[in-house]
Amino acid sequence: MIVLREIWEWQRGGAFLSGQRAAGSGIWWIRWTDAEGHKRREKVGNRSAAEKLLAKRHTQKLERKKLPENFRSKAVTFEELCEDALKHSEAENGAKQTYELRLRINQLLPVFGSRPADSIKKQEVVDWLTQQAKARGWKASSRNRWQATFSLVFRVGIDNEKVERNPAARILRRTENNGRVRFLSAEEEKALLQVIDARFSQFRPHLLLSIHTGMRMSEQYSLRWNQVDAERRQIHLAKTKNGRPRTIPLNSVAAAALEQMRGTRKSLMSAPVFPSAWSGGALQGSRGWFPTALKEAAIEGYSWHCNRHTFASRLVMPGWICAPSQSCSA
């Protein structure tokens, strides 16, 4: 393999520019491929020094010499990339997405954590995904989520200029067959609410707000009181899955559910609408009670995400009233 003979100059803003000098910069980098096929970069100084070091590295490769100890010690580990990915998620996503990302990363670290990130190959990622899918009985959607975790970790690493390739980027995603769109019938909703009232009465407004607004779980459970406009009956979401803010109108059922959550408490406007009784922070989701309620109500093939389908289906069903000023009922 022929070594990459390239000289790059570091420009303000973190961009590499080949063959040009940034005015007043005077700082040059080299990029090359070592004897094991790993791409390397080194900050050198002026162009003359960069050309000399590049020639030296080329000779070392041809002689199959090991890298200097001080250079090899700078290898970026997969664990370091994971830490950067979590910081990125905290800045760009909601608490729930970051929490779930951390859970997946904690399972990846014992396998890949101490490895130099650029030593992890595409086939290793494919093999791990295949083994885990078989052992855990993953559906296509679960496998795709784990693949996306790998891809996110390396993509953030590329953005931070700590690695140059993403081994998960060219792995084909599995086709997800989610079957028919599932939503609650009026009878199922009645049965579910009966179970919730008997077993989990404090969570009744959680379900009602979900099926009467169509919010995603992450949007609902990251909701703060300063996003709720009770006078105009609206919820304002600044951060959504597609990155665009949106306003959600509230019908009387959704508005009443929020008032029940507020109760007589004089909550701070920055306080979570759905606080955790243990930590005082926002709840991470409905896992602690919703699956049990579904099971006891004998409702199969339904998940929290299906509440969005229930909401959407009722908007177009004749006989359902879903105007913001009214309740949704058949």
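Glu 296 is partly exposed, at 43% relative accessibility (partly exposed lies between buried, under 20% relative accessible area, and exposed, over 50%, with a 1.4 Å probe and protein chains only). This is a predicted model, in which local features need pLDDT of at least 70, side-chain atom pairs count only at pLDDT 80 or more, and totals for chains, interfaces and linings use all residues. Residues are numbered from 1 along each chain as its sequence is written, and side-chain values use heavy atoms, with hydrogens and water left out.

Start with the partner of Glu 296. Glu 296 forms a salt bridge with Arg 199 (a side-chain nitrogen of Lys or Arg within 4 Å of a carboxyl oxygen of Asp or Glu). The closest N and O atoms are 2.3 Å apart. Glu 296 sits in helix 11 and Arg 199 in helix 7, so the pair links distant parts of the chain, 97 residues apart. Helices here are DSSP runs of H or I with at least four residues, strands are runs of E with at least two, and both are numbered from the N terminus. Arg 199 is partly exposed too, at 45%.

The structure holds 13 salt bridges. In another, Glu 90 pairs with Arg 102, with the closest N and O atoms 3.3 Å apart. Glu 90 lies in helix 3 (residues 78-92) and Arg 102 in helix 4 (residues 95-112), so this bridge ties together parts that are 12 residues apart in sequence. Glu 90 is partly exposed, at 47%. Arg 102 is partly exposed, at 35%.

Next comes Arg 216, which bridges to Glu 219 at 3.1 Å between the closest N and O atoms. Arg 216 is partly exposed, at 25%. Glu 219 is buried, at 4%. Elsewhere, bridges with shared partners join Glu 80, Asp 84 and Lys 162 into one network.

Now turn to the nonpolar cores. Each is a set of buried Ala, Val, Leu, Ile, Met, Phe, Trp, Tyr and Cys residues joined through side-chain atoms within 4.5 Å. The largest has 37 residues. Leu 192, Leu 207, Leu 209, Ile 235, Leu 258 and Trp 289 touch the most other members. Among the elements that each supply at least two residues are helix 7 (186-199), helix 8 (204-213) and strand 6 (234-237). Helix 10 gives the most, with 5 residues.

A second, separate core has 27 residues, including Val 76, Leu 86, Leu 108 and Phe 150.
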